[in-house]
Amino acid sequence: MAVNTELQGAEYRLPQPYVVSREAIAEFARATGAEHPAHTDIDAARAAGYADLVAPPTFAVIPAQRSEQRYISDENSGIDFSRVVHGGEQFTYSRPIVAGDELECVTHVDGLREAGGHAMITTRTELTAAGDHVATVTSTIVVRGGDDD
């Protein structure tokens, strides 16, 4: 099945907020080599002006991809995940993510087009906490066409 272009404009929402934990921030910081102590030391984070541990800038990809996965796994999307290649990611912040945030995530399917037998999909995931914008994650994925496409 080809990617369903009729889903352009669709929205997918996480059913529950993504609760940002200190452990998740520290683990992500270690995994990505983010060495600033405000990611792992509460005193350093507070000394830097944050209420709690502050997440590295690319941390937003975790809740964003969970929300985006709701679209990718939608049986009506026509996306074969085994054919997905990451094309790009962009982050725009209103404020940093900190431990204790409860992030509401809504993924918007902003663009769907075919090029050279492949589907190019642009999604935008809006992350909010207590109704206020925190970050926007814009992703591009490529769904490689098959030999029979």
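Which residue forms a salt bridge with Asp 101, and how far apart are the closest N and O atoms? Arg 95 is the partner, and the closest N and O atoms are 3.0 Å apart.

## Basis of the report

This is a predicted model, in which local features need pLDDT of at least 70 and side-chain atom pairs count only at pLDDT 80 or more, while totals for chains, interfaces and linings use all residues. Residues are numbered from 1 along each chain as its sequence is written, and side-chain values use heavy atoms, with hydrogens and water left out.

## Annotated region

UniProt, in an unreviewed entry, lists residues 9-136 as "domain: FAS1-like dehydratase"; such annotations may be inferred rather than shown by experiment. Over residues 9-136 the chain is 23% helix and 36% strand, where helices (H or I, at least four residues) and strands (E, at least two) are DSSP runs numbered from the N terminus. The end C-alpha atoms of this stretch are 16 Å apart.

## Salt bridges

The structure holds 4 salt bridges, each defined as a side-chain nitrogen of Lys or Arg within 4 Å of a carboxyl oxygen of Asp or Glu. In one of them, Arg 95 pairs with Asp 101. Burial is judged by relative accessible area: under 20% is buried, over 50% exposed, and in between partly exposed (1.4 Å probe, protein chains only). Arg 95 counts as partly exposed because its relative accessibility is 30%, whereas Asp 101, at 9%, counts as buried.

Asp 110, Arg 124 and Glu 126 are linked in a network of salt bridges. Arg 124 bonds to Asp 110 with closest N and O atoms 2.8 Å apart. This pair links distant parts of the chain, with Arg 124 in strand S5 and Asp 110 in strand S4, 14 residues apart. Arg 124 also meets Glu 126 at 3.0 Å, N to O. Glu 126 is buried, with a relative accessible area of 18%.

## Glu 68

Glu 68 lies in helix H3 (residues 61-72). Glu 68 is buried yet has no salt bridge, and the nearest side chain of opposite charge, Arg 124, is 11 Å away. The side chains of Glu 68 and Thr 123 are joined by a polar contact of 2.4 Å.

## Nonpolar cores

The largest nonpolar core has 25 residues; such a core is a set of buried Ala, Val, Leu, Ile, Met, Phe, Trp, Tyr and Cys residues joined through side-chain atoms within 4.5 Å. Residues with the most contacts inside this core include Tyr 18, Phe 59 and Leu 103. A second, separate core of 13 residues includes Val 3, Ile 72, Val 109 and Leu 112.

How values were computed. Lys, Arg positive; Asp, Glu negative; His and termini not counted. Polar contact = N/O pair within 3.5 Å; in protein donor to acceptor, adjacent residues only side chain to side chain.
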